[in-house]
Amino acid sequence: MDVQLLTYLFVGASFALYIGIAVWSRAGSTKEFYVAGGGVHPIANGAATAADWMSAASFISMAGIIAYVGYDASVYLMGWTGGYVLLAMLLAPYLRKFGKFTVPDFVGDRYYSSVARTVAVVCVIFISFTYVAGQMRGTGIVFARFLEVDVNVGVVIGMAIVFFYAVLGGMKGITYTQVAQYCVLIFAFLVPAVFLSIMMTGHVLPQTGFGGTLVDAQGNDTGVYLLQKLDQVVTDLGFREYTEGSKSTIDVFFITAALMCGTAGLPHVIVRFFTVPTVKDARISAGWALFFIALLYTTAPAVGAFARVNLVETVNETAYEELPGWFYNWENTGLIGWVDKNGDGIIQMRGGDPFAGKPSYEGSADSQAARGEYGQRLVSNTPTDNESEVYIDRDIIVLANPEIGNLPAWVIALVAAGGVAAALSTAAGLLLVISSAISHDLLKKTFKPDISEKQELMAARMAAAVAIVIAGYFGINPPGFVAQVVAFAFGLAASSFFPVILLGIFSKRMNKEGAIAGMLVGLVFTFSYIVYFKFISPELNSAENWLLGVSPEGIGSLGMVLNFVVAVIVCKMTPPPPEHIQHIVEDIRVPRGAGTAVDH
Amino acid sequence: MKEANAKAYWSANIKLIMGYLVVWFVVSYGCGILLVDVLNNIQFFGFKLGFWFAQQGAIYFFLALIILYARSMNKLDECFDVHEQ
């Protein structure tokens, strides 16, 4: 069977599964819609959290980024896993005991203030929309490459599927589809990784193959370590050593901290821990979540290293006409561009960019006139004056890995289904957070406290539907700055929610004045720093102009420190919170008496 | 009596958290970032040790930390009689 047909089959079967689950797990009450009735088993919640957390970016882009930047990518590996330690010890169990539906719920109640609640709602909506636009786009790209439909048609199909199970099932529907999506995506990620690992190092586990020795085509051990070889190959070509970094230590430190605390402060992650039955379950569920995430996150750096070696060996010093088929396919989709600087018809991979930015071509992929002497698409960018000739987009590393490694057709189809699962699961989780912020925190808690539960549920469904349409719009017309604003989501979560929630639990004395002042200072500082360097003066965005040498990606950590300092000082100068608030804090610190759960 | 018990439970919890967070800091920020160049002089199977901590080791430690914390807290809950029934 050909790849195309298999891909339709795999993706179609996975969609049928998601829809089936959605019909089975319809939500009947607001509690089911917002937190799945609080009756999700901790292992199921762990898998759902992992799927929620690992987006199209984790699945598609991360291994590619690691392959290109080596050690520097460690900030993502540590930053996006270390946050779960903070969640398990500092936030999740207490928020579960508190037992409400949303993050603004906690902020509003603990700080007895509708101002605090409103600031929280605005942050939630901003952070979540930033994220969700990228997911919709990711779905579109996977569709475009594997099913040969238009990117926009792909986005619409994705929207329709998410619409079905998010609007119908709410959190309950999302949770169980996410469990299924996790299984699809992890299987799709691990299968090619294991194949590659066996092929290159003879190890079944990519994690040990990563530190193993290479084997040759006959399966004989060459005695050369993979990483040793990689360092050797890339430095020979004029790249930086793979296992050494290029960022300053202080910047790596702050970026990692911003990603860790940002992870722990992201509303769509926190809210997942409202869905387990007990406080005890919330703790261990964070462990399950990290276990499921670690399966992918410890495999990705191995995949990155395998792919880099493979890529250099296949492409470098090979004549254009003798390349394998995947090279031409991805060139046609616009993710590969080659300029034959020395006119020898052979591809040279060297350190440095072949030309500035992403390739733009003389004509469309179908046009014969826009092709050069060897049949390559002519690139219209001005070439740089180094010897580097080829641009290969990072995003294709994972998607093209099965083809690069000559793996069977069904593996390629599986990867397509995995990519779609990763994008859809994250989109659904974010959309739910947006809809509950609107229907619960704004409508029910702020503007119309007297609406009935039925009306609130209706409002939640409508808000989810509207959010999907807006997200789809951004997916079809992506704002040019999507890549830049990702720094926002983590920076803002780290500098706003993380300190406020932490102080709300660990300091009985913290009052609304301190919390609001801290949140605003952290937000305004982080927001203006990122806006300044990313939008107002992007030409100044380099280490010598940064405050203390911290890049906009890492500035959320400084914002967080400011938030803590301001909150504590303001709190000392203003009256303590009322008696009943102090009782709430005492109460969330002990597990006994957590609200009852609805059995599924 | 009840209040004193809750206080003792809370300070025992804080002590546990502090201990675990020290390890959390050392394996990631310490071994993976601040000391990475020193540790890279040590070979660990096919890895430079610092690089291994940054791309593999820290994650395994994180997982172990959460599991151990969850277990110790379950014991602590029972010990102070604040566990869920």
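Biologist: Which helix of chain B gives the most to the nonpolar patch?
Modeller: In this predicted model, helix 1 of chain B, residues 2–34, gives the most to the nonpolar patch, with four residues.

Biologist: Which residues form that patch, and about how much accessible area do they have together?
Modeller: The patch on the surface is formed by B:Val22, B:Phe25, B:Val26, B:Leu34, B:Leu35 and B:Val38. Together they have about 530 Å² of accessible area.

Biologist: Take B:Val26. Where is it found?
Modeller: B:Val26 is found in helix 1 of chain B.

Biologist: Where is B:Phe80, and is it buried or exposed?
Modeller: B:Phe80 is in the segment after helix 3 of chain B. With a relative accessibility of 17%, B:Phe80 counts as buried.

Biologist: What is B:Phe80 in contact with?
Modeller: Neighbours within four places in sequence aside, B:Phe80 is in contact with B:Asn5, B:Ala8, B:Tyr9 and B:Ala12.

Biologist: And B:Asp81, what is its phi?
Modeller: B:Asp81 has a positive phi of about 55 degrees, although this residue is not a glycine. Most residues other than glycine have a negative phi. B:Asp81 lies in the segment after helix 3 of chain B, the helix of residues 49–79, and counts as partly exposed at 44% relative accessibility.

Biologist: What about A:Glu317 in chain A, what is its phi and where does it lie?
Modeller: The phi of A:Glu317 is near 60 degrees, which is a positive value in a residue other than glycine. A:Glu317 lies in the loop between helix 13 (279–315) and strand 3 (318–319) of chain A. At 43% relative accessibility, A:Glu317 counts as partly exposed.

Biologist: New topic: at what angle do helix 5 and helix 22 of chain A cross?
Modeller: Two packed helices are described by the angle and the distance between their axes. For helix 5 (residues 74–98) and helix 22 (residues 579–589) of chain A, the axes cross at roughly 120 degrees and come within 8 Å.

Biologist: Is that crossing of helix 5 and helix 22 of chain A left-handed or right-handed?
Modeller: The crossing of these helices of chain A is right-handed.

Biologist: Which residues meet there?
Modeller: From helix 5 of chain A, A:Tyr94, A:Lys97 and A:Phe98 meet A:Ile584, A:Asp587, A:Ile588 and A:Arg589 of helix 22 of chain A.

Biologist: Where is A:Asp109, and what is it in contact with?
Modeller: A:Asp109 is in helix 6 of chain A, residues 103–110. Leaving aside neighbours within four places in sequence, A:Asp109 is in contact with A:Phe98, A:Lys100, A:Arg117 and A:Ile581.

Biologist: Why does A:Asp109 count as buried?
Modeller: A:Asp109 counts as buried because its relative accessibility is 19%, and buried means under 20%.

Biologist: Last one: is A:Ser495 buried or exposed?
Modeller: A:Ser495, found in helix 18 (residues 482–495) of chain A, counts as buried at 0% relative accessibility.

Biologist: What is A:Ser495 in contact with?
Modeller: Apart from neighbours within four places in sequence, the contacts of A:Ser495 are A:Gly522, A:Leu523, A:Thr526, A:Gly556, A:Gly559, A:Met560 and A:Asn563. A:Ser495 and A:Asn563 are 68 residues apart in sequence and 6.5 Å apart in space, C-alpha to C-alpha.

Methods: Residues are numbered from 1 along each chain as its sequence is written. Chains are lettered from A and ligands numbered from 1 in the order in which they are written. This is a predicted model: local features need pLDDT of at least 70, side-chain atom pairs count only at pLDDT 80 or more; totals for chains, interfaces and linings use all residues. Side-chain values use heavy atoms; hydrogens and water are left out. Patches are made of residues with over 30% relative accessible area and no salt bridge: like charges are joined within 9 Å, nonpolar side chains (Val, Leu, Ile, Met, Phe, Trp, Tyr) within 5 Å. Accessible areas come from the Shrake-Rupley method with a 1.4 Å probe; for residues, only the protein chains shown count as cover. A salt bridge is a side-chain nitrogen of Lys or Arg within 4 Å of a carboxyl oxygen of Asp or Glu. Helices (H or I, at least four residues) and strands (E, at least two) are DSSP runs, numbered from the N terminus. Axes are lines fitted to C-alpha atoms, for helices over the stretch in contact, and angles run from 0 to 180 degrees between N-to-C directions. A crossing is left-handed if the near helix is turned anticlockwise from the far one by less than a right angle, and right-handed if clockwise. Contact means heavy atoms within 4.5 Å. Buried means under 20% relative accessible area, exposed over 50%, partly exposed in between (1.4 Å probe, protein chains only).
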